Amino acid sequence: GPTCACGQRGCLETIASGPGVAAEARRRLAAGEASSLPTGTEVTAARVFDAAASGDAMAGAAVDRGARAMAHAFHLLG
């Protein structure tokens with residue numbers, strides 16, 4: 001996973017936090033995935049969540065990645 005501020009890789013925070021979801025959306029956009037997110041605007045978690053709620057598949061995938069990471073972490077704690 002992505003490098004965390006703590007120096008580790010793939011920490012839950014880097015994947016499931018708001019900045020992590022926004023970073024995943026930016027990575028997907030840079031890879032050429034289509035999205036309804038406006039070009040030329042900052043990609044924030046709020047914008048990604050709004051786009052996902054409106055049916056944007058790329059944004060939904062970015063949110064889903066974070067949600068799956070959270071679900072996995074809760075499962076491990078259980």
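Hi everyone, let's start where Val48, Phe49, Ala51 and Ala52 of helix H3 meet Ala59, Gly60, Ala62 and Val63 of helix H4. Sorted by type, the residues of this contact come out as 7 nonpolar and 1 polar, with no charged ones. Before I go on, please keep in mind that this is a predicted model.

So how do the two helices sit? H3 covers residues 45-53 and H4 covers residues 57-77; their axes come within 7 Å and cross at roughly 115°. The handedness of that crossing is left-handed.

Now to the cysteines. How many disulfides are there? The count comes to 0. Cys4 is in no disulfide, and the nearest cysteine sulfur, in Cys6, lies 3.7 Å away. Is Cys4 buried or exposed? Its relative accessibility is 10%, so Cys4 counts as buried.

Last stop: Arg9, in the segment before helix H1 (12-16). Arg9 has a relative accessible area of 59%, so it is exposed. Which residues does Arg9 touch, leaving aside neighbours within four places in sequence? Those are Gly1, Pro2 and Thr3. With Thr3, the side chains make a polar contact at 2.6 Å to Arg9. As for Leu37, Arg9 is 28 residues from it in sequence and 28 Å from it in space, C-alpha to C-alpha.

How values were computed: Residues are numbered from 1 along each chain as its sequence is written. This is a predicted model: local features need pLDDT of at least 70, side-chain atom pairs count only at pLDDT 80 or more; totals for chains, interfaces and linings use all residues. Side-chain values use heavy atoms; hydrogens and water are left out. Axes are lines fitted to C-alpha atoms, for helices over the stretch in contact, and angles run from 0 to 180 degrees between N-to-C directions. Helices (H or I, at least four residues) and strands (E, at least two) are DSSP runs, numbered from the N terminus. A crossing is left-handed if the near helix is turned anticlockwise from the far one by less than a right angle, and right-handed if clockwise. Contact means heavy atoms within 4.5 Å. Ala, Val, Leu, Ile, Met, Phe, Trp, Tyr, Cys and Pro count as nonpolar, Asp, Glu, Lys and Arg as charged, and the others, Gly among them, as polar. A disulfide is a pair of cysteine sulfur atoms within 2.5 Å. Buried means under 20% relative accessible area, exposed over 50%, partly exposed in between (1.4 Å probe, protein chains only). A polar contact is a pair of N or O atoms within 3.5 Å; within protein, one must be able to donate a hydrogen and the other to accept it, and residues adjacent in sequence count only if both atoms are side-chain atoms.
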